[in-house]
Amino acid sequence: MKTPPGASSRTKCSRELRSFCAFSCPRAKKSTCTAWFPQQEHPSENGSQMPGHGSPATSTMVLLLTSAEDLDCTPGFQQKVFHINQPAEFIEDQSILNLTFSDCKGNDKLRYEVSSPYFKVNSDGGLVALRNITAVGKTLFVHARTPHAEDMAELVIVGGRDIQGSLQDIFKFARTSPVPRQKRSIVVSPILIPENQRQPFPRDVGKVVDSDRPERSKFRLTGKGVDQEPKGIFRINENTGSVSVTRTLDREVIAVYQLFVETTDVNGKTLEGPVPLEVIVIDQNDNRPIFREGPYIGHVMEGSPTGTTVMRMTAFDADDPATDNALLRYNIRQQTPDKPSPNMFYIDPEKGDIVTVVSPALLDRETLENPKYELIIEAQDMAGLDVGLTGTATATIMIDDKNDHSPKFTKKEFQATVEEGAVGVIVNLTVEDKDDPTTGAWRAAYTIINGNPGQSFEIHTNPQTNEGMLSVVKPLDYEISAFHTLLIKVENEDPLVPDVSYGASSTATVHITVLDVNEGPVFYPDPMMVTRRENISVGSVLLTVNATDPDSLQHQTIRYSVYKDPAGWLNINPINGTVDTTAVLDRESPFVDNSVYTALFLAIDSGNPPATGTGTLLITLEDVNDNAPFIYPTVAEVCDDAKNLSVVILGASDKDLHPNTDPFKFEIHKQAVPDKVWKISKINNTHALVSLLQNLNKANYNLPIMVTDSGKPPMTNITDLRVQVCSCRNSKVDCNAAGALHFSLPSLLLLSLFSLACL
């Protein structure tokens, strides 16, 4: 056997290396194996020296060759690890190294897979680049498979740079294989298994070696995937240490399995371990990119400069994000509509940013066939190579309007007519605006800038039609002005863009003609008010009303008439408007409210048809002492044996106003019996007490009561008080008159007290 270039002399396996030799050359019949290490030092990732410059069992072996003597065929790669110095450039189709794989059965249907899409392995085992490449990372993995065997080889790029993280970093693959013994004899290496393997199962994927384990001892495997859920995925041959997988693995479910290996005696007692064993599932490109954040709707203002970012499209790929399996590239598959350019937009292949690529002049919403574009966006993994999987989504892009068109009146002048005295909309002013009708760039705002000093006109925008509705809000007078001219301007709710301004078409003139209408005469003043004493003589003149006709240019005559006279007290001269009385004016009449009598009069002009005006007359009536007072109650009763000789408390009232009312004077006009048995006493200005000087026999008595008010001259009224003297025995009251009212003594006293309380 020849020594490989750059290798040192053949070395016997030391005791420390013996277990590794057994693992690497498991079928060797001798206790020695041969290993060469590079003379040049290559620091490992953790800073230690490469093999050959330290303990053989503490670093990854660069090149391992076993003695061919007495060896049976071992399925798999004949060399597991390669070191390749990073060249200035990997040249397309130039052989890099040769890999030797055998399944010991003729390599029928042998297939190779490389972890980087930039390399391939030819059928003869030669590794070549698919194109010129300057940097590929620090580690490559080559997976070989036939129906009978499969294996993995590692290619370490010495001097290579991290490019989105190397697979070795992703897999956490330790280059120290086997791991340092640290005073133990169990030797394990990380196991790499591609996901989605097909039948048959179970299949061997690795092996654990313990060269110093006692006879009859056994291997035991534990951890998640063995005796923990999901159980039964991995198992170990307790005698040989071979590790096998029983089913297909899915990296997107579990990417790394942390297992533990130990040796036990026949009784199950642990002899050595547990030692960690890491099973790494190698990603395959079995997941398509997915757009899962839709719907995707973007907006861009019309006239935006070329290169304006509209939106970002981001897809998700469930594959390993540190591999090209999830390295996405974006492109636009279709644009609808394709006018005015089939390439209105561009998408950044790496970031997914959609930007405009046409000139601002083409991005004009008012000239576009449709201001809405739909883009079919495709995301492809494997960095966009043809072998990558794809996923699509629709992006909707709206071309938003900006106020780059000022509103313009459809006519320079508008005409309107309105009758005097009328209010409401008189004309609709129409405008044109090319901007989006759903925005403030289209909605109009109107202003009267001249011709409205009296604020008789207002203008508002019709929200549906955008028209200006010009209204009269204060009645116009034909006799004052028969014509009005308004200057109106229109603007948008939103400001115009800087390079657009309002021109002459944004103002218009409205000519308004006021039509003469026969208006009714107007009383002045209205209401008309006079004050008179009540009871003035019939035919007395109260006033002369005055009504004028607003239609001063028509020279019409006016006639007067009574419209409402509730008591029928008044008359009006139809020619001159003089109002006099036809009856006595009574302040106490029910038609008088709070001393005021109200009447309405009409003034009718001679127009065709005639117009009518209404005037109100308020007559305030001053009080005259024309009402005598009256007393209450007029009936009373008393017991013939009463100890309390009080008969009744009398009250007095008068319809007149003060000072023609109280204080009242109460007197007994005529005594009913010669010896004067009755007495009346003043209580206050409005009440007096009637009492007996002695008991009377059972009978009915009429006592004339005279009451006088305080008016000048005073007025007096005499009213008979009917007093019933009754027999009161055993709580029974018996009055002598058959039809008389019967009041008990307690009732009489209660009535008297109530009258006093009302004072």
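This is a predicted model: local features need pLDDT of at least 70, side-chain atom pairs count only at pLDDT 80 or more; totals for chains, interfaces and linings use all residues.

Me: Is Lys-489 buried, exposed or partly exposed?
Reply: Lys-489 counts as partly exposed, at 27% relative accessibility. Buried means under 20% relative accessible area, exposed means over 50%, and partly exposed is in between (1.4 Å probe, protein chains only). Residues are numbered from 1 along each chain as its sequence is written, and side-chain values use heavy atoms, with hydrogens and water left out.

Me: Ok. Which residue forms a salt bridge with Lys-489?
Reply: Glu-491 does, and the closest N and O atoms are 3.6 Å apart. A salt bridge here is a side-chain nitrogen of Lys or Arg within 4 Å of a carboxyl oxygen of Asp or Glu. Glu-491 is partly exposed as well, at 31% relative accessibility.

Me: Why do side chains like that pair?
Reply: Side chains of opposite charge can pair when their charged atoms come close.

Me: How many salt bridges are there by this rule?
Reply: The count comes to 20. Among them is the one between Lys-218 and Glu-238, whose closest N and O atoms are 3.6 Å apart. Lys-218 lies in strand S16 (residues 218-223) and Glu-238 in the loop between strand S17 (234-236) and strand S18 (242-245), so this pair ties together parts that are 20 residues apart in sequence. Strands here are DSSP runs of E with at least two residues, and helices are runs of H or I with at least four; both are numbered from the N terminus.

Me: And how accessible are those two?
Reply: Lys-218 is partly exposed at 30% relative accessibility, and Glu-238 is partly exposed with a relative accessible area of 36%.

Me: Switching topic. How many residues are in the largest nonpolar core?
Reply: It has 28 residues, and Trp-678 and Val-690 are those with the most contacts inside it. A nonpolar core is a set of buried Ala, Val, Leu, Ile, Met, Phe, Trp, Tyr and Cys residues joined through side-chain atoms within 4.5 Å.

Me: Which elements give two or more residues to this core?
Reply: Strands S47 (635-639), S48 (646-653), S49 (665-668), S50 (678-682), S51 (687-692), S52 (699-708) and S53 (716-729). The largest share, five residues, comes from S52. Apart from this core lies another of 24 residues, including Met-313 and Leu-328.

Me: What about sheets?
Reply: Here's one: three strands form an open sheet in the order S22-S25-S24, with antiparallel pairing. Two strands pair if DSSP finds at least two bridges between them. The edge strands are S22 (309-312) and S24, and each pairs on one side only.

Me: How many bridges join S24 to S25?
Reply: Three, and the two strands run antiparallel. For example, Ile-347 has Ile-354 in S25 as its bridge partner.

Me: Where is Ser-341?
Reply: Ser-341 is in the loop between strand S23 (329-336) and strand S24 (345-347). Ser-341 counts as buried, at 16% relative accessibility. The Ser-341 side chain reaches the backbone nitrogen of Asn-343 at 3.2 Å. Leaving aside neighbours within four places in sequence, Ser-341 is in contact with Gln-335 and Val-358, where contact means heavy atoms within 4.5 Å.

Me: And Pro-360, what does that touch?
Reply: Not counting residues up to four places away in sequence, Pro-360 touches Gly-303, Ser-304, Pro-305 and Thr-306. Pro-360 and Pro-305 are 55 residues apart in sequence and 5.3 Å apart in space, C-alpha to C-alpha. Pro-360 is found in the loop between strand S25 (353-356) and strand S26 (372-380), and is partly exposed with a relative accessible area of 35%.

Me: Last one: which strand holds Thr-513?
Reply: Thr-513 is in strand S36 (residues 507-515). With a relative accessible area of 25%, Thr-513 is partly exposed.

Terms used. A polar contact is a pair of N or O atoms within 3.5 Å; within protein, one must be able to donate a hydrogen and the other to accept it, and residues adjacent in sequence count only if both atoms are side-chain atoms.
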